[in-house]
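The following note is intended for a student who is reading this structure for the first time. Please keep the sequence and the model in view while working through the numbered points.

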Amino acid sequence: MEHKMHKAERQLSQQDTLAILKRGDHGTLSVNGDDGYPYATPVNYILVDDKLYIHSAPYGYKMECLERSRKCCFSAIISSQIIPSKITAAFESVVMTGDVVMVEDQAEKRAALEAFVTQKHPGFEDVGFKMIEKQIDKTAVLRIDALSMTGKAYKG
């Protein structure tokens, strides 16, 4: 499912792609919406053992779309800076295509939610872990099983 990148010199290795993805925290999840139209929604994410996880309410349009089709595209812009003098932008980005898996295993679900707390909210682990205890059964955890992942960067 790999596509040839137009400016191949900007493509990152898989190792570098994972490294920049780990630095980010927000991206866009695109799924198959109504009448064949894509539906894209901003999400925050976490990587655990090089797997991408998203948390969500267990209901809503995104979840309805995923019930019909688990196919998705996830994209993240890790950094971006306009360079006016060069009429361009420096950036780092990732595009991942794959299938969304609803995480049912409680240990995997808890590990992903705890990673959100420890990695994205350091110093607030007590509060975060208490929130997990109260909300774990009301929270959906989604994992993207990637079929392809490409990273791209341009320093300007």
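1. Strands, which are DSSP runs of E with at least two residues, and helices, which are runs of H or I with at least four, are numbered from the N terminus.

2. This is a predicted model, in which local features need pLDDT of at least 70, side-chain atom pairs count only at pLDDT 80 or more, and totals for chains, interfaces and linings use all residues. Residues are numbered from 1 along each chain as its sequence is written, and side-chain values use heavy atoms, with hydrogens and water left out.

3. The predictor's confidence in each residue is given by pLDDT, on a scale from 0 to 100. Its mean over the chain is 93, and 94% of the residues reach 70 or more. Among the elements, β1 has the highest mean (97) and α1 the lowest (94).

4. Strands β4 (residues 71-83) and β5 (residues 88-102) are paired in the antiparallel sense over 12 bridges; pairing requires that DSSP find at least two bridges between two strands. Within this pair, Ser 79 stands opposite Glu 92 in β5. The two strands form a hairpin with 4 residues between them, and Ile 87 in the turn has a positive phi of about 50°.

5. Strand β5 also runs antiparallel to β6 (residues 140-154), to which 12 bridges join it. Here Val 100 has Ile 144 as its bridge partner in β6. Strand β4, in turn, pairs with β1 in the antiparallel sense over 4 bridges, and Thr 28 stands opposite Ser 75 in β4.

6. Which residues touch the most other members of the largest nonpolar core? In this core of 27 residues they are Leu 21, Tyr 45, Leu 52, Ile 54, Phe 74 and Ile 144. Such a core is a set of buried Ala, Val, Leu, Ile, Met, Phe, Trp, Tyr and Cys residues joined through side-chain atoms within 4.5 Å; buried means under 20% relative accessible area (1.4 Å probe, protein chains only). Strand β6 gives the largest share of this core, 5 residues.

Technical notes
Buried < 20%, exposed > 50% of the residue type's maximum accessible area, 1.4 Å probe, protein only.
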